[in-house]
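Let's take a walk through a protein fold together. Keep the sequence and the 3D view open while you read.

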Amino acid sequence: MAVLPIVRMGNPVLRQVAAAIPVPATGGFDDGLRQLAADMVDTMFDAPGIGLAAPQIDVGKRLIVFRVPPERATGDQGDAPMGPQVLINPEFVPVGSETVLGWEGCLSIPGLRGVVPRYRRIRYRGYDLDGNLVEREAANTHARVIQHELDHLDAVLYLDRMESLATLTYMEEQKFFGPDVLSPAR
């Protein structure tokens, strides 16, 4: 396993739509993709982060890794702690229209955070490394990390989703924002 360099905002790969990965008829994905996924998991933990998309390591493929740490899981249905997960060619649809505001950061935009609206509940699907279709419903942190990483596959950064750059801040300065910044009636 290896820790890979993470590209930062400004690198053109982050603004290019990632290519779909051909799904094998049988037998799962090849050793090269398995190694890439393992290296991405190591890189995610080393960063440290809760998600990483292949474009963030300068690979224009539709591959993400993510996790839901116990301290970030809400315990709601669809938002339990999860160890490292790999999704190939992932996609999602919202479950309902409810959105929630939440703080997000990005390993490709180190040191900054901003308030981003995301769907509270989603249904997503993709393939695991064995070529099995994975379909899940997710909420809260689990849903947010999936949406964030899928944005990377579509050349979107969380900054593009922010309703106002007034909440863009360095992580050390986030303490100056009160809890009301996440209220929809602000």
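Predicted model: local features only at pLDDT ≥ 70, side-chain atom pairs only at ≥ 80, totals over all residues.

**Sheets, helices and cores**

Let's start with strand β5 (residues 109-119), which pairs with β8 in the antiparallel sense over two bridges. Strands here are DSSP runs of E with at least two residues, helices are runs of H or I with at least four, and both are numbered from the N terminus. Two strands count as paired if DSSP finds at least two bridges between them.

Residues are numbered from 1 along each chain as its sequence is written, and side-chain values use heavy atoms, with hydrogens and water left out.

Now zoom out a bit. β5 belongs to an open sheet of three strands, in the order β4-β5-β8, with antiparallel pairing. β4 (99-106) and β8 (169-170) stand at the edges with a single partner strand each, so one side of each has no neighbour in the sheet. Helix α2 packs on this sheet and touches β4 and β5, its direction making about 60 degrees with that of β4. (Axes are lines fitted to C-alpha atoms, for helices over the stretch in contact, and angles between N-to-C directions run from 0 to 180 degrees.)

There's also an open sheet of five strands, ordered β1-β2-β3-β6-β7 and paired antiparallel. Its edge strands are β1 (51-53) and β7, each pairing on one side only. From one strand to the next, the twist averages 40 degrees. Within this sheet, β2 and β3 pair over five bridges, and Leu 63 has Ile 88 in β3 as its bridge partner. Helix α1 (residues 31-46) packs on the sheet too, touching β1, β2 and β3.

What about the inside? The largest nonpolar core has 18 residues, and those touching the most other members include Ile 64, Phe 66 and Leu 87. Such a core is a set of buried Ala, Val, Leu, Ile, Met, Phe, Trp, Tyr and Cys residues joined through side-chain atoms within 4.5 Å. Buried means under 20% relative accessible area, exposed over 50%, and partly exposed in between (1.4 Å probe, protein chains only). The largest share, five residues, comes from α2.

Finally, Gly 131 sits in the loop between β6 and β7. Beyond its neighbours within four places in sequence, Gly 131 is in contact (heavy atoms within 4.5 Å) with Gly 28 and Phe 29.
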